[in-house]
Amino acid sequence: MLFSATLLNLINLFHDFDKSNKFSSKSMTIAFLCTTEFLVIRWFQTKHLPVSNLYESSMFLSWSFSLLYVILEFRNQNGLSGPITAPSAMLTHAFATLGLPEEMQQFTPLVPASQSHWLMMHVTTMLLSYATLLWGSLLAISSPSIYYSDTKDYCVLDSKHNCCSTSSKLNTLSRINVRSFLYPLSSNLKKCQLINRLDRWAYQIISSGFSLLTVGILSGAVWANEAWGSYRSWDPKETWALVTWPIHATYLHTKITNRWMGEGPAAVASAGFFLVWVCFLGVNLLGIGLHNYGWML
């Protein structure tokens with residue numbers, strides 16, 4: 001179902017078919033329900049929220065991408081994000097089920113430090129923040145890619161570097177230097193509208209992910225103090241989570257102040273995208289630290 005939804009969403013990028021939109025929505029909904037059923041059954045089997053190892057965390061991350069897709073589909077706003085959330089859910093699910101050895105997919109009892117009510121709040125908040133930040137970063141990265149694609153027409157940027165619509169084009173031309181602000185644009189201005197929408201969505205989504213990340217880091221510090229007697233132990237996962245936080249804070253600062261436009265915020269978002277994957281998956285390859293669940297070595 002995830003593969004079907006991914007394929008149909010990628011087709012919709014180039015050809016808009018009503019039937020493919022309906023099929024992709026139904027496929028993703030079925031995949032979401034199946035993954036939800038798996039997590040619920042796993043919960044009953046293990047007697048705890050299934051986020052205790054890399055396999056379960058990856059499945060939960062895939063479920064988070066599917067949840068975002070279903071929510072946007074319910075709000076009829078999935079046209080821009082479907083080609084991002086569907087492949088993300090599929091690739092994460094494929095990594096969990098096909099990329100990890102079978103022994104890592106078996107559930108094991110929780111270590112004493114993880115037998116806490118903080119497990120649900122901290123881990124779920126962090127995984128939801130990962131999914132949201134990854135999604136928002138991809139939207140932010142896609143904006144300049146569309147902006148600098150080849151076209152033969154022209155568009156005008158206003159003082160906030162937003163593409164102007166046809167109704168505001170003449171007014172803008174009377175207020176700004178035409179020679180300094182002419183850029184390529186598609187014939188019907190859909191390209192500029194798409195860029196504005198992607199940029200706005202990326203900011204809103206990364207803001208939500210940043211809030212979740214902040215709550216996750218703070219709840220993790222409280223949990224660490226209860227389990228290990230220290231709010232911060234500076235193991236790899238904690239360190240990379242702290243590195244990820246200021247990167248996304250920098251992105252939000254640049255968008256709020258409007259002092260750094262164009263490729264700047266996209267470069268920060270791409271760095272944040274990379275750091276989230278390092279924080280979630282990369283540190284597990286090291287096999288060291290207090291977060292010793294799901295080590296691959």
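Rings of Phe, Tyr and Trp (for Trp, the six-membered ring) form a pair if their centres lie within 6.5 Å; planes under 30 degrees apart count as stacked, over 60 as edge-to-face, and the rest as tilted. The structure is a predicted model, in which local features need pLDDT of at least 70 and side-chain atom pairs count only at pLDDT 80 or more, while totals for chains, interfaces and linings use all residues. Residues are numbered from 1 along each chain as its sequence is written, and side-chain values use heavy atoms, with hydrogens and water left out.

Six aromatic pairs are found in a search of the whole structure. One of them joins phenylalanine 60 and tryptophan 63, whose ring centres are 5.3 Å apart with planes at 40°, so this pair is tilted. These two residues are three apart in helix H3, which puts about one helical turn between them; helices here are DSSP runs (H or I, at least four residues) and strands likewise (E, at least two), numbered from the N terminus. Phenylalanine 60 is buried at 7% relative accessible area, where buried means under 20%, exposed over 50% and partly exposed in between (1.4 Å probe, protein chains only). Tryptophan 63, at 16%, counts as buried too. Ring pairs gather Phe32, Phe60 and Trp63 into a cluster.

Another pair brings together tyrosine 130 and phenylalanine 280, with ring centres 5.9 Å apart and planes at 65°, so it is edge-to-face. This pair links distant parts of the chain, since tyrosine 130 sits in helix H5 and phenylalanine 280 in helix H10, 150 residues apart. Tyrosine 130 is buried at 6%, and phenylalanine 280 is buried at 4%.

Beyond its neighbours within four places in sequence, methionine 28 is in contact (heavy atoms within 4.5 Å) with residues including Leu2, Tyr69 and Ala89. Serine 25, in helix H2 (residues 18-46), is buried at 13% relative accessibility.
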